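Here are my notes on this one, written as numbered points. Keep the viewer open while you go through them.

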Amino acid sequence: MEGVAALVSFTIWVATLATLLILPPGLAVAYALARWEGPGKGVVETVLTLPLVLPPTAVGLVLLELLGRNGPLGRVLDAWGMEVVFTPKAVVLASAVMAFPLLVRSARSGFEEVDPRLVAVARTLGDSRTRAFFRVTLPLAWRGVLVGALLAFSRALGEFGATVLVAGNIPGRTQTLSLAIFQRTQLGRDAEALRLAGVAALLAFVAVFATEAVTRRRGRRVRA
Amino acid sequence: MSLELDIRLPLARFTLEVGTRLDGASVAVMGRSGSGKTSLLEVLAGLRRGARGRVVLDGRVLLDSVARSDVPPEQRRMGYVPQDALLFPHLTAEQNVRYGARPGRASRVDEAVEILELAPLLRRYPATLSGGEKQRVALARALATDPALLLLDEPLAALDVALKERVLPYLLRVRDEARVPMLYVTHQLGEARVLAREALLLDQGQVRAAGPAAEVLGAAARGLLAGEGEGEENILEGVLERPDDGGLRLRMQGGLSLWVPDSPALAPGTRAAYAVPAADILLSIQLLAGVSARNVMTGTVVNVEPVATGEEAATVEVAGVRWVVWLTSTSVRELDVVPGARVSLAVKTSACRRLR
């Protein structure tokens, strides 16, 4: 079962990295959406939600076109001597893109719950915009942010469609749990695939349980 | 304090236009609900975009739309206390008070905690505080920043707020002990009179009157506030004393004293403030004798002004203290209550309610 341990740790590593990667831009976008009222907001929101509803393979294909040797981003990266497609980096990137909308949605509703007048008071007490964000907005929205990060992490754990297109399914290099399950069934090793599915279920359970626990505590802590 | 205002701010129903100069250490801003009082405070605090004109506080330009200067709220040094306190819910009372304390001015925090009597509340979270307690914490939080001007939005609106929840006694201490200039939004004439040196009357965003409180807070203010459904009250400040023959008295500046309800908890020598509703005072054109009310005093009518249909407010000066007494128009006519007349006032001890 040594292979399984490596698979699990690689999968967790990918999901963690993907979540950390999208945290700064995700929070910035979520905050902007929560506070900004302007023309085109609906369009921006829709575009940001697309990865959630598009076939993951379509997202993967777009990433492949962008990042491939001849893609606009790929050429720049190539000039820097960086290769992404069919490497572990691509796995992280694909998971990050797919998880991004989940983080943004949850963090945004967290930010929306913070009364903007509290921020205004913080400003009169001497805080700059940035300082008020870290002293008032973020501490009051942390649950939404945490739930968003956990959801994003859970999503990244199981990512398949986008990953397989942009990173391939290379055992020991880009293969995550979900890719491994697919490969084993293709090879007719159903019992092994089923075992892996069990492991994946366990991982998902832990992640979702943590999310639920955070959500549940919301009601209790508000009165504290 | 000198505050120069010349501002225009379009609001939903009218444009707020205030052009005035205020020099008093304490200014009351009065007007009906929705007359632009809160918006005015927000413009001063720098929280309202879109205000045009000039705001100059003690020679510092805070806003000048022509010169395109608009000092951000964090650099204005305004101690803003909003209507609903808006304490930070994730912080304890103490953390709230210390939130904007300026390094090197720690004594301001201690002073604020002392004046507002917050020591027993410091470890509590806002959700467990009563309305009046929240207001006191919000006031301390603003004071602790060592502000150039306190902006107080009417702490709790109505007269029917429980006496112990009224913030007024603390505001009197802030005025006397912290000596921070304040701009105070209120509906209550009695509070405005005792607290403010100057007053500003707002109506539909326009200044109706501005100037010394004694002049502004008369008929014009009553007319403006009529229909807001709140009675008027006299607020009396002084020092408690306990004469040998029993009872408890409030001795006011000028020597006048008032019998107030006794309570063993009240120590002589402490400062206190009492409220006496203007409708609870009896007025007589003859020297009163043999009445059960313990407080009987003689004074001179300063003026008589209409309050609302059927009622008038007589201002009577007794030993330097001005009392407002509400009478029906019929009584005013029949008793011939006119300026200059000598009258007696009778106040039952039980009509004197201690604030806090």
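1. The score here is pLDDT, the predictor's confidence in each residue, from 0 to 100. Chain B as a whole averages 89, and 96% of its residues reach 70 or more. The model scores ipTM 0.85 and pTM 0.85.

2. Some bookkeeping before going on. This is a predicted model, in which local features need pLDDT of at least 70, side-chain atom pairs count only at pLDDT 80 or more, and totals for chains, interfaces and linings use all residues. Residues are numbered from 1 along each chain as its sequence is written, while chains are lettered from A and ligands numbered from 1 in the order in which they are written. Helices (H or I, at least four residues) and strands (E, at least two) are DSSP runs, numbered from the N terminus.

3. Back to H8(B), which spans residues 219-225 and includes Leu225(B). Leu225(B) counts as buried because it has 23 C-beta neighbours inside 10 Å. The cut-offs: buried is 20 or more other C-beta atoms within 10 Å of a residue's own, exposed is 12 or fewer, and partly exposed is in between, with C-beta atoms placed from the backbone. Setting aside neighbours within four places in sequence, Leu225(B) is in contact with Met30(B), Arg32(B) and His187(B); contact is C-beta atoms, placed from the backbone, within 7 Å. Pro72(B) is 153 residues away from Leu225(B) along the chain, and their C-alpha atoms are 34 Å apart.

4. Met30(B) brings us to strand E3 (residues 26-30) of chain B, where 5 of the 5 residues are buried, so the strand is largely enclosed by the rest of the structure. Ser26(B), Ala28(B) and Met30(B) point one way, Val27(B) and Val29(B) the other, and all are buried.

5. Which strands does E3(B) pair with in the parallel sense? One is strand E9 (residues 182-185) of chain B, over 4 bridges, with Val29(B) standing opposite Val185(B). Another is strand E10 (residues 198-203) of chain B, which runs parallel to E3(B) and is joined by 4 bridges; there Glu198(B) is the bridge partner of Val27(B). Two strands pair if DSSP finds at least two bridges between them.

6. Have a look at helix H5 (residues 168-178) of chain B too. Its buried residues are Leu168(B), Pro169(B), Tyr170(B), Leu171(B), Val174(B) and Arg175(B). The cover over them includes E3, E9 and strand E15 (271-277), along with helices H3 (106-115), H4 (131-143) and H6 (189-195), of chain B. Just after H5(B), Arg179(B) has a positive phi of about 55°.

7. Further along chain B, 5 strands form an open antiparallel sheet in the order E16-E20-E17-E18-E19. Its edges are strand E16 (282-284) and strand E19 (321-328) of chain B, each pairing on one side only. Strand E18 (residues 311-318) of chain B pairs antiparallel with E19(B) over 8 bridges, and Glu312(B) has Leu327(B) as its bridge partner in E19(B).

8. Chain A has 10 helices and 0 strands. Its C-alpha atoms fill a box of roughly 65 × 45 × 30 Å along the principal axes. Of its 224 residues, 39% count as buried. Helix H4 (residues 72-79) of chain A has 0 of its 8 residues buried, so it lies largely in the open; after H4(A) comes Gly81(A), with a positive phi near 75°.

9. The unreviewed UniProt entry annotates "transmembrane region" over residues 12-34, 46-64, 84-104, 132-153 and 193-214 of chain A. UniProt positions follow the numbering used here, feature names are shortened, and annotations may be inferred rather than shown by experiment. Residues 132-153 of chain A are 100% helix, with end C-alpha atoms 28 Å apart. Residues 193-214 of chain A are also 100% helix, and there the end C-alpha atoms lie 32 Å apart.

10. Finally, the interface: 16 residues of chain B are in contact with 15 residues of chain A. The chain B side has 11 nonpolar, 3 polar and 2 charged residues. For those classes, Ala, Val, Leu, Ile, Met, Phe, Trp, Tyr, Cys and Pro count as nonpolar, Asp, Glu, Lys and Arg as charged, and the others, Gly among them, as polar.

Note on methods. Two residues are in contact if their C-beta atoms, placed from the backbone, lie within 7 Å.
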